[in-house]
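The following exercises concern the structure displayed below.

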Amino acid sequence: MSTDAPTPRTRVRRLPELGVYEREAVHAILDEAIYCHLAWVGADGDPRLIPTIHARIDDTLYVHGSAASSTLRQVKLGVPIAIAVTLVDGIRFARSMFEHSMNYRTVIVYGRGVEVTDRHELERVFDAITDHVAPGRSSDARSPSDAELRQTTFVKVALDECSAKISEGFPEEPDEDLALDVWAGVLPLRTVTGEPIADPLLRPSIETPSYVTDYRRPPGS
Amino acid sequence: MHRHPERADYDRATIDEVLDEALLCTVSWVDEQGRVRSLPTIQARIGDTLYLHGSRGARAWKSVAGGAEVCVVATIVDEIVLARTSPAHSMNYRSAVVFGRGREVTDHDELLAAAKAITRHVLPGREDDAAEPDDDDWRQTLILAMPIDEASAKVRTGPPKDDVHDLELDVWAGTLPLRLVTGAPTPAPDLRSGIPMPDYLPECGEELPRL
């Protein structure tokens with residue numbers, strides 16, 4: 001695979017230094033990705049990594065965890081974390097094996113997590129996470145009770161430092177490879193939804209809402 | 001995993017399935033400053049070994065190649081789980097995590113096998129078509145090998161799990177499947193004429209073929 005395979009620019013940049021266009025691109029990637037990979041430094045100094053769900057409100061990124069679980073215990077202490085999201089847009093087929101690459105968009109946010117404790121903020125984050133998963137859903141689903149708020153942990157990190165990369169286009173190969181008798185091009189990839197599957201316990205006469213039947217990610221795409 | 005024992009699955013077959021099916025993974029390690037770093041990359045599995053592809057030019061990969069403790073996770077989201085209450089929302093997903101230290105592959109035969117496996121991982125069939133790496137390619141590319149011996153998987157399947165007293169709510173509940181599908185293959189602008197579209201490329205709208 002190519003040296004340009006999904007290995008984002010490793011330079012970490014401060015978000016406030018980015019132009020409006022770049023900030024909007026970072027926001028759009030974080031919003032479109034349905035899940036993230038949350039990494040942190042474990043108590044033993046070794047890396048830990050889990051998939052989880054995130055949501056962005058302005059320039060703050062929130063990640064979700066269970067209060068009873070040990071996974072976020074260390075994250076809540078404020079150890080360094082990295083939140084990575086990657087969207088795959090296509091496969092770039094080059095003639096030469098190592099020039100193969102992906103068209104992708106990735107953002108990695110670096111920082112230290114802070115536990116959300118303010119009740120109003122918790123409620124806002126619950127709505128944001130629910131709407132991140134399915135836009136419009138928070139106005140339908142029942143809001144969390146006090147007990148449920150206690151059972152969930154949200155950790156937030158300011159969008160201050162990140163590395164981002166958008167890789168698009170066709171394979172770029174040295175001239176001598178262009179003569180090879182091998183097909184080259186791009187195979188686009190996208191995530192689509194299938195038919196909704198109703199909960200077997202769903203009460204009769206409840207219709208599937210349009211935000212489920214017309215689900216698009218990102219909305220309007 | 002302590003909280004959701006039903007989601008823990010140490011079955012090696014599940015770990016292999018996730019590593020093989022997920023197109024990409026994220027690799028994380030702790031750098032010299034004690035910060036955790038992450039990068040997305042492409043993986044491929046041959047038996048009990050996970051191969052990761054990196055760029056030799058990327059400074060970040062040097063710690064990983066130097067034998068730092070790394071953590072690799074691959075995730076496939078199968079369905080969005082829409083419950084009647086916002087806290088019960090979830091995902092049906094499969095994820096595998098592998099812990100260990102990377103070994104830089106230097107043996108030529110192993111390098112070639114790994115390069116072919118990574119190409120096959122992206123699209124089966126392509127590995128027999130694409131031109132094999134030359135010396136220049138090898139100089140620019142780093143392939144790491146990790147044993148798959150400290151690994152686990154998590155799987156969630158099935159409908160939402162609302163509390164009994166929430167089942168009366170007037171809210172739709174269920175799951176929404178997600179699939180990664182292909183669009184129409186687009187030939188490179190500089191493709192020589194007379195080279196047909198290969199058979200192993202899927203039709204537009206098909207799921208991406210996996211191993």
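**Exercise 1: A strand of chain A and its partners**

In chain A, strand 4 (residues 54–57) and strand 5 run antiparallel and are joined by 4 bridges. Two strands are taken to pair if DSSP finds at least two bridges between them, and strands (E, at least two residues) and helices (H or I, at least four residues) are DSSP runs numbered from the N terminus. The model is predicted: local features need pLDDT of at least 70, side-chain atom pairs count only at pLDDT 80 or more, and totals for chains, interfaces and linings use all residues. Residues are numbered from 1 along each chain as its sequence is written, chains are lettered from A and ligands numbered from 1 in the order in which they are written, and side-chain values use heavy atoms, with hydrogens and water left out.

Task: Determine which residue stands opposite A:Arg56, and explain why strand 5 of chain A is described as largely enclosed.

Solution. 
- Step 1. The residue opposite A:Arg56 is A:Leu61, in strand 5 of chain A.
- Step 2. The hairpin of strands 4 and 5 of chain A has 2 residues between the strands, and A:Asp58 in this hairpin takes a positive phi near 55°.
- Step 3. Strand 5 of chain A is also joined to strand 9 (residues 152–158) of chain A, by 7 bridges in the antiparallel sense. Here A:His64 stands opposite A:Phe154.
- Step 4. Strand 5 (residues 60–66) of chain A has 5 of its 7 residues buried, so the strand is largely enclosed by the rest of the structure. Buried means under 20% relative accessible area, exposed over 50%, and partly exposed in between (1.4 Å probe, protein chains only).

**Exercise 2: A strand of chain B**

Task: State how many residues of strand 5 of chain B are buried, and which of them point one way and which the other.

Solution. 
- Step 1. In strand 5 (residues 49–55) of chain B, 7 of the 7 residues are buried.
- Step 2. In a regular strand, side chains alternate between the two faces of the sheet.
- Step 3. Strand 4 (residues 43–46) of chain B pairs with strand 5 of chain B over 4 antiparallel bridges, and B:Ile46 has B:Thr49 as its bridge partner. In their hairpin, with 2 residues between the strands, B:Gly47 takes a positive phi near 60°.
- Step 4. Strand 9 (residues 141–147) of chain B runs antiparallel to strand 5 of chain B, with 7 bridges between them; B:Ser55 stands opposite B:Thr141.
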